[in-house]
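Let's take a look at the salt bridges in this one. Keep the structure open while you read.

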Amino acid sequence: MKKGSFLLIGWLLGFFLMAQEPYFPYEIISGEEAECAFPVFTSSSAVTEKINRTLQISELELLKGYEKEHIFEVVGNRDLPSIYGNIVTMIPLICDNGERYLSIKFDKTSCGMTCVYGVVYYNFNPGNGDIFQLSDLFTEKGFPVFSSYVLEKRKKDLQDSVFNETGQHNAEGFESVLENYENDILDDFYLRNDTLFIDGENSFHKNLKFSGINTISYFVLNEFKEYLNDYGKAIFGISGENPGKYRSVSLPQLFTGKIAGKEVLMMLKNMYDNEMKGEYVYTDYGKGIYLTGKRTGNLLMMTEKDGFEDNGFIEANMEGNRISGKWINKDRTKTYPLLLERK
């Protein structure tokens, strides 16, 4: 058994121990030699289906039930225009699985000509299956104030970590981490026992990820509860309201609808500035199709990619929870109607 397999077994043991009575029952699907694993939530409900579809489209680019050999076959065997290649490890951790939030972490490694390591977090509203970001939970004025507080605490945590006991500085290369913290949109986070944990691992360059520096800073409820909006107060149990009555306004989110009369599911995510990326599947096919593009105001312009090649285009109006427009073939000789909505 490889070293990665032992690490995965350890993670999965923690996975089960921390969720002995989960709000959402689940099972774990393991990949070849147990170097990849994935949670599938097993209760029968519209919310559970939405969560499963969101995770599978985003992380596997394949819906369960459409695999030929195993559920990791797409992300493990892609022809990518990238030196980073395919997923070789995917280690899940359910951080909290309760009636007010479901927090999930994926620890991933991709390798090609070189390897890249990173983490991805998903925080779900158990009442409706929306992904929520911190910006969804704070007031318009409160979020910038709290973000500044987070930055100062993370700087201090990093400074405390990179000085040794004698006070000698071991911070070579860590200046870049501070710069990344300055620009962090705080989407790498999880909740557990009403404590907010913000992970800075993706702000560390590859050679710093194995330095032994703690990348996670935590914040207890009393540090930020005054900045929460009604949605945040429901998530953290302050108001006693069901979080399901609130909807997230941030991306990524799952959209459902039709292109040329055929049912599709689409995940869309904001990138830098007005750039966007996405993945969509036809439900009778189940395999992900990659999208990249921009959103300018309400105008959404996306290009469907097949490796290096453009394979189609989307021109649509995106307003609120609705995307309406057209899909255009790669030769721009045919167009088909497109209508998608968030459920």
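Let's start with E241, which is partly exposed, with a relative accessible area of 28%. This is a predicted model, by the way. The side chain of E241 meets that of K245 in a salt bridge, 3.0 Å from N to O. K245 itself is exposed, at a relative accessible area of 53%, because the cut-off for that word is over 50%.

| Salt bridge | N to O distance |
|---|---|
| D184 and R154 | 2.8 Å |
| K156 and D160 | 2.9 Å |
| E241 and K245 | 3.0 Å |

Now for D184 and R154, whose closest N and O atoms are 2.8 Å apart. D184 sits in the loop between α5 (175–183) and β6 (189–192), while R154 belongs to helix α4 (residues 142–162), so this pair ties together parts that are 30 residues apart in sequence. Is R154 buried or exposed? R154 counts as buried, because its relative accessibility is 2% and buried means under 20%.

Helix α4 also holds K156 and D160, which are 4 residues apart, so about one helical turn separates them. These two form a salt bridge as well, with the closest N and O atoms 2.9 Å apart. K156 is partly exposed at 49% relative accessible area, and D160 is partly exposed too, at 45%.

Finally, there's a group to pick out: a network of salt bridges links K50, D130, R247 and R342.

Technical notes
Residues numbered from 1 in each chain as written. Predicted model: local features only at pLDDT ≥ 70, side-chain atom pairs only at ≥ 80, totals over all residues. Heavy atoms only, no water. Salt bridge = Lys/Arg side-chain N within 4 Å of Asp/Glu carboxyl O. Helix = DSSP H or I, 4+ residues; strand = E, 2+ residues; numbered from the N terminus. Buried < 20%, exposed > 50% of the residue type's maximum accessible area, 1.4 Å probe, protein only.
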